[in-house]
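Open the model in your viewer and switch to a cartoon view. This tour tells you what to select next and what is there.

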Amino acid sequence: MSTDVRDELPFPEEHGERAVWAIVDRDSRLHRIDGTFLGMGSSHRPEHKGHPGEPHAPRGTHCSTCRWTEIRLFETSDHELFVVNCGASDVPGERDLVRVTSVATAFELVESLTAIDRRTQQSVLPMPARRALAQAASHSPRVRDAYINSPVTR
Ligand SMILES: [Zn+2]
């Protein structure tokens with residue numbers, strides 16, 4: 001049991017650190033994840049696009065500087081795996097929407113991060129999830145195994 005309680009979502013540089021991660025989800029529920037922050041990926045981009053002349057993207061306009069996704073992965077000492085998905089926004093009046101889900105196995109973890117590409121109807125692993133898994137592979141042998149051996153990561 002760690003007594004180092006952190007109540008902010010960790011930065012990518014903190015991967016591999018152990019603590020009690022206190023995370024509030026979109027429904028104001030508090031989750032306490034006692035374990036290792038395995039890794040993170042983000043779709044944030046430094047340059048605005050698609051809304052010239054306006055400081056913030058209107059609803060429905062895709063700009064990964066205004067709105068983006070962050071995926072964080074955690075593993076507890078009793079081998080539970082957590083995905084913390086943050087739909088982040090820099091647009092005034094909007095807030096970050098955090099979802100916390102847990103899975104028992106690393107292959108389920110990869111499956112839960114898999115999405116269907118709307119154009120090709122193929123299973124894909126979106127870039128933030130791919131980056132988070134790649135980072136997590138350094139800290140968890142079973143995540144590494146699933147990362148290497150899941151069909152979607154090949
Ligand atoms: Zn923008």
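Which residue in strand 3 is the bridge partner of Ala-19? Select Ala-19 and look across to strand 3: the partner is Gly-35. Keep in mind that this is a predicted model.

**The whole chain**

Zoom out. The chain has 3 helices and 8 strands. Followed along the sequence, they run β-β-β-β-β-β-α-β-β-α-α. The radius of gyration is 16 Å, close to the 15 Å that the globule rule gives for 154 residues, so the chain is as compact as a globular protein of that length. Buried residues account for 27% of the 154 residues. Now think about contacts between residues at least 6 apart in sequence: 50% of them join residues at least 24 apart.

An open sheet of 6 strands has the order 1-2-3-4-5-6, and its pairing is mixed. Select residues 5–6 for strand 1 and 97–103 for strand 6. These two stand at the edges with a single partner strand each, so one side of each has no neighbour in the sheet.

Strand 2, residues 18–24, pairs with strand 3, residues 30–42, in the antiparallel sense over 7 bridges. Strands of a sheet pair through backbone hydrogen bonds, either parallel or antiparallel. Go on to the next pair: strand 3 and strand 4 are antiparallel too, over 7 bridges. To find one of these bridges, select Thr-36 and its partner in strand 4, Glu-75.

Is strand 4 mostly covered or mostly open? Mostly covered: 7 of its 10 residues are buried. Strand 4 pairs with strand 5 in the antiparallel sense over 9 bridges. The two form a hairpin with 4 residues between them.

Select Arg-67, which lies in strand 4. Its bridge partner in strand 5 is Ser-89. Why does Arg-67 count as buried? A residue is buried if 20 or more other C-beta atoms lie within 10 Å of its own, and Arg-67 has 20. Leaving aside neighbours within four places in sequence, Arg-67 is in contact with Ala-57, Ala-88, Ser-89 and Val-91.

Now go to the turn of the hairpin. His-79 sits in the loop between strand 4 and strand 5. Most residues other than glycine have a negative phi. His-79 has a positive phi of about 70 degrees although it is not a glycine. His-79 is exposed, with 12 other C-beta atoms within 10 Å.

Where is Gln-121? Look in the loop between strand 7 (115–116) and strand 8 (123–124). Gln-121 has a positive phi of about 65 degrees, and it is not a glycine. Gln-121 is exposed, with 7 other C-beta atoms within 10 Å.

**Helix 2**

Select residues 127–136, which are helix 2. Which residues of helix 2 are buried? They are Pro-128, Ala-129, Ala-132, Leu-133, Gln-135 and Ala-136. These residues cover an arc of only 160 degrees around the axis, which puts them on the same side of helix 2. Show what they face: the buried residues of helix 2 pack against strand 3, strand 4, helix 1 and helix 3 (141–149).

**The core**

Last stop. Which residues touch the most other members of the largest nonpolar core? Select Leu-73, Phe-74, Leu-133 and Val-143; the core has 28 residues. Strand 2, strand 3, strand 4, strand 5, strand 6, helix 1, helix 2 and helix 3 each supply at least two of its residues.

Finish on Phe-74. Not counting residues up to four places away in sequence, Phe-74 touches Trp-21, Ile-33, Gly-35, Thr-36, Phe-37, Leu-38, Phe-82 and Val-84. Gly-35 is back in view here: the tour began with Gly-35 as the bridge partner of Ala-19.

How values were computed: Residues numbered from 1 in each chain as written. Predicted model: local features only at pLDDT ≥ 70, side-chain atom pairs only at ≥ 80, totals over all residues. Rg over C-alpha atoms; globule rule 2.2 N^0.38 Å. Contact = placed C-beta atoms within 7 Å. Pairing = 2+ DSSP bridges. Axes fitted to C-alpha atoms, helices over the stretch in contact; angles between N-to-C directions. Arc of directions from axis to C-beta. Core = buried A, V, L, I, M, F, W, Y, C linked by C-beta atoms within 7 Å.
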